[in-house]
There are 2 protein chains.
Amino acid sequence: MPDQNPAAFFEVFTEIGIIEQLSRAVLEARLPKGLIAPHFAVLNHLVRVQDGRTPIEIARAFQVPKTSMTHTLKGLEARGLVDVRPNAEDGRSKRVWLTKAGHALRADTIATLAAEFAKLSEEFDVTRLADIRPVLRDLRIMMDAARD
Amino acid sequence: MPDQNPAAFFEVFTEIGIIEQLSRAVLEARLPKGLIAPHFAVLNHLVRVQDGRTPIEIARAFQVPKTSMTHTLKGLEARGLVDVRPNAEDGRSKRVWLTKAGHALRADTIATLAAEFAKLSEEFDVTRLADIRPVLRDLRIMMDAARD
DNA sequence: CTTGTTTGGTGCGATTTCGTATTATATTAG
DNA sequence: CTAATATAATACGAAATCGCACCAAACAAG
């Protein structure tokens with residue numbers, strides 16, 4: 001019988017917060033010196049939604065201020081992982097494109113992490129992870145829509 | 001048939017990262033000016049594990065450098081939410097205690113969020129959340145143990 | 001006891017995050 | 001067309017995070 005009191009749902013978010021922290025530490029330990037999780041998140045995002053996004057679109061996707069995204073993109077650009085070029089359709093904005101190096105770093109990092117996950121599967125029933133994925137996805141979609 | 005390829009598990013952590021970000025925004029919008037999620041996390045932690053912890057114990061629990069915890073505790077202390085007192089059993093360290101105000105802020109915040117969750121339950125089948133809680137808990141315990 | 005090592009906490013500087021204000025371009029109203 | 005408003009990006013400063021170095025207390029070896 002599932003626990004229905006509000007504190008139970010609060011606990012779900014607490015668990016999610018802790019797991020996020022632990023998984024971020026795992027990710028950052030595998031990134032090249034100077035790159036942190038937000039850098040990787042942007043690379044990953046650009047693959048998932050297609051690159052050529054504007055900085056403000058990316059900032060909104062991550063719910064961070066546009067000034068933070070300016071800074072993150074500067075770091076990626078300085079390392080040659082993205083190209084930031086003027087937007088031909090709007091003189092105010094720019095568009096962000098992944099470079100070869102950007103694609104490669106993202107792919108290599110995921111490959112490395114996949115190997116870690118493989119080891120993880122010896123200790124954890126991965127079908128349980130697969131099972132919660134749709135719930136997390138729906139929760140994310142709902143919360144994403146709920147932000148005014 | 002659940003998706004077994006490694007990228008599927010990667011997606012689980014991606015979803016968790018996004019949900020953490022969105023839920024943190026919700027939390028911080030309800031905290032008093034100047035308090036951010038880490039402050040609340042410490043208050044909450046001290047209730048869950050009993051207060052009287054040392055700063056380094058708290059830092060380890062959150063996987064953050066001890067210098068970061070010094071800073072966070074300073075903020076909580078300046079607002080009268082915790083008392084940081086010398087540790088009678090070890091002259092090097094201190095112990096952190098919740099004040100009345102600290103207990104109250106934590107309780108009030110949770111009460112406010114519980115009301116939000118209640119509204120949330122009109123849009124989302126909360127039994128699904130309750131169902132994933134044990135999986136998240138076990139995953140957190142496993143990852144927590146796996147960090148060297 | 002004395003010395004060397006470990007541990008808890010903090011000072012300091014570098015980087016990140018983010019709010020505010022500013023600039024440049026686009027859009028809308030008249 | 002001109003003026004007013006809105007939007008994209010950045011400069012700048014404040015606060016947060018964190019690595020490194022340091023100090024003080026505890027612990028261990030002799």
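Biologist: Which element gives the largest share of the surface near DNA strand D?

Modeller: In this predicted model, H4(B) does, with five residues. Local features need pLDDT of at least 70 and side-chain atom pairs count only at pLDDT 80 or more, while totals for chains, interfaces and linings use all residues. Residues are numbered from 1 along each chain as its sequence is written, with chains lettered from A and ligands numbered from 1 in the order in which they are written.

Biologist: Why is H2(A) called roughly perpendicular to H4(A)?

Modeller: The axes of H2 (residues 37-49) and H4 (residues 66-78) of chain A cross at roughly 80° and come within 10 Å. Angles of 65 to 115 degrees count as roughly perpendicular, and H2(A) is therefore roughly perpendicular to H4(A).

Biologist: Which residues of H2(A) and H4(A) meet?

Modeller: A:Pro38, A:His39 and A:Val42 in H2(A) are in contact with A:Thr72, A:Gly75 and A:Leu76 in H4(A); contact requires C-beta atoms, placed from the backbone, within 7 Å. By class, three residues here are nonpolar, three polar and none charged.

Biologist: What share of chain A is buried?

Modeller: Buried residues (20 or more other C-beta atoms within 10 Å of their own, placed from the backbone) make up 26% of the 148 residues in chain A.

Methods. Buried ≥ 20, exposed ≤ 12 C-beta atoms within 10 Å, placed from the backbone. Axes fitted to C-alpha atoms, helices over the stretch in contact; angles between N-to-C directions. Helix = DSSP H or I, 4+ residues; strand = E, 2+ residues; numbered from the N terminus. Parallel < 35°, antiparallel > 145°, perpendicular 65-115°, else oblique. Contact = placed C-beta atoms within 7 Å. Nonpolar A, V, L, I, M, F, W, Y, C, P; charged D, E, K, R; others polar.
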